[in-house]
Amino acid sequence: MNRLLKLENLLLAVIDQQQETGQDGLGRDETLNWERIHMASSARLAWEMALERGVEPELAACAAAVHDYGRILTGKQKGHAEAGYEPVKAFLADSGLFTEGEVETIALAVKNHSSKTVVGTPIEEIVKDADVVDCYQYGYPFDRPEKEERYQKWLAAQGLTM
């Protein structure tokens, strides 16, 4: 079993715990079912994007899998990227799956993924792109112009148009 599958199983356990404690009720900006779907499909997109860009696919997919950790814990979209930074570092360290450097790389991608106009590391950029593409493919509208610009850029790189 690779680290991505192990990490996704651990994250599903966190989501299940949120559900068991009644955290899927009113007041969440996204349902826990959405978090499950988005976690897995963002990771898959990130793996493919990393292969295309010459980036380590497993690490990129793991970063995409946990990129909304802050929202999973708080239930809130606003400020979720920054809110996820410290908790995801602890989660990743406790998993025993990653080196200290890898934990920091993934945690920074979590922290910075909402800053769609700021260019970050290759893994951060993959997480941002996977997030935008995944949300759009499930019918989420572009709520900020930089998301649509990022999506258009990704489409163009695929030789496609909207």
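**Core and pockets of a predicted model**

I'll start with the core. The largest nonpolar core has 43 residues, and Leu11, Phe91 and Phe98 touch the most other members. Such a core is a set of buried Ala, Val, Leu, Ile, Met, Phe, Trp, Tyr and Cys residues joined through side-chain atoms within 4.5 Å, buried being under 20% relative accessible area with a 1.4 Å probe, protein chains only. Two or more residues come from each of H1 (3-20), H2 (32-53), H3 (57-65), H4 (69-74), H5 (80-95), H6 (100-112), H7 (122-137) and H8 (145-157); helices are DSSP runs of H or I, at least four residues, numbered from the N terminus.

This is a predicted model, where local features need pLDDT of at least 70, side-chain atom pairs count only at pLDDT 80 or more, and totals for chains, interfaces and linings use all residues. Residues are numbered from 1 along each chain, and side-chain values use heavy atoms, without hydrogens or water.

Next, pockets: on a 1 Å grid over the protein atoms alone, open sets of points for a 1.4 Å probe, with protein on both sides within 12 Å along at least five of seven lines, lining residues having an atom within 4 Å of a point. Volume is the space filled by probe spheres set on the points.

The largest pocket has about 360 Å³. Of its 23 lining residues, Arg71, Gln77, Cys135, Asp143 and Lys147 are the closest to the centre. H7 gives the most to this lining, four residues.

The second largest pocket holds about 280 Å³. Lys116, Glu125, Asp129, Arg150 and Lys153 are the closest to its centre, out of 13 lining residues. Here H8 gives the most, with six.

Notes:
Buried < 20%, exposed > 50% of the residue type's maximum accessible area, 1.4 Å probe, protein only.
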